[in-house]
Amino acid sequence: ELYDIEEITQIARSCKRATVVPVISEGNPGPYASGLVTDAIAAYGQWSGHEVYLAGPPLMLAATSAALRQLGVAPERIHHDSPEG
């Protein structure tokens with residue numbers, strides 16, 4: 001389930017350097033990419049020079065943060081709310 005995808009996409013359109021790439025891991029993805037977000041980020045390009053903002057459940061945040069670090073993103077460039085525990 002994508003939370004406020006239309007609003008988030010509209011915000012990204014108003015920003016010159018923001019991109020939203022929805023990825024659905026379960027069920028019918030409809031018009032969006034399917035699979036794991038960790039696979040999508042590896043396929044999407046070079047990340048080491050970017051600030052990355054993540055949202056999602058704690059396990060997805062941990063896995064995606066680890067994948068981004070393996071792709072050369074410095075930990076201080078990876079941003080997300082603290083996972084609820």
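Mentor: This is a predicted model. Start with two helices: H2 and H3 pack with their axes 9 Å apart, at an angle of about 25°.

Trainee: Why are H2 and H3 called roughly parallel?

Mentor: Angles under 35 degrees count as roughly parallel. The angle between H2 and H3 is about 25°, so the two helices are roughly parallel to each other. Their crossing is right-handed.

Trainee: Which residues make the contact of H2 and H3?

Mentor: H2 brings Val 37, Thr 38 and Ile 41, while Met 60, Ala 63, Thr 64, Ala 67 and Leu 68 come from H3. These residues divide into six nonpolar, two polar and no charged.

Trainee: What makes a residue count as touching Tyr 44?

Mentor: Contact means heavy atoms within 4.5 Å. Tyr 44 lies in helix H2. Leaving out residues up to four places away in sequence, Tyr 44 touches Thr 19 and Val 21. As for Pro 57, 13 residues apart from Tyr 44 along the chain, the C-alpha atoms of the two are separated by 21 Å.

Trainee: How much space lies in the largest pocket?

Mentor: The largest pocket holds about 1700 Å³ of space. It is lined by 40 residues, and closest to its centre are Val 20, Val 21, Tyr 53, Leu 54 and Ala 55. Two or more lining residues come from each of helix H1 (5-13), strand S1 (23-24), helix H2 (37-44), strand S3 (52-53) and helix H3 (58-70).

Trainee: Which element gives the most to that lining?

Mentor: H2 does, with five residues.

Trainee: How do the residues of the lining divide into nonpolar, polar and charged?

Mentor: The lining of the largest pocket has 26 nonpolar residues, 10 polar and four charged.

How values were computed. Residues are numbered from 1 along each chain as its sequence is written. This is a predicted model: local features need pLDDT of at least 70, side-chain atom pairs count only at pLDDT 80 or more; totals for chains, interfaces and linings use all residues. Side-chain values use heavy atoms; hydrogens and water are left out. On a 1 Å grid over the protein atoms alone, a cavity is a set of points where a 1.4 Å probe fits but cannot get out, and a pocket is an open set with protein on both sides within 12 Å along at least five of seven lines; lining residues have an atom within 4 Å of a point. Grid points are joined across faces, edges and corners, and a volume is the space filled by probe spheres set on the points. Helices (H or I, at least four residues) and strands (E, at least two) are DSSP runs, numbered from the N terminus. Ala, Val, Leu, Ile, Met, Phe, Trp, Tyr, Cys and Pro count as nonpolar, Asp, Glu, Lys and Arg as charged, and the others, Gly among them, as polar. Axes are lines fitted to C-alpha atoms, for helices over the stretch in contact, and angles run from 0 to 180 degrees between N-to-C directions. Angles under 35 degrees count as roughly parallel, over 145 as roughly antiparallel, 65 to 115 as roughly perpendicular and the rest as oblique. A crossing is left-handed if the near helix is turned anticlockwise from the far one by less than a right angle, and right-handed if clockwise.
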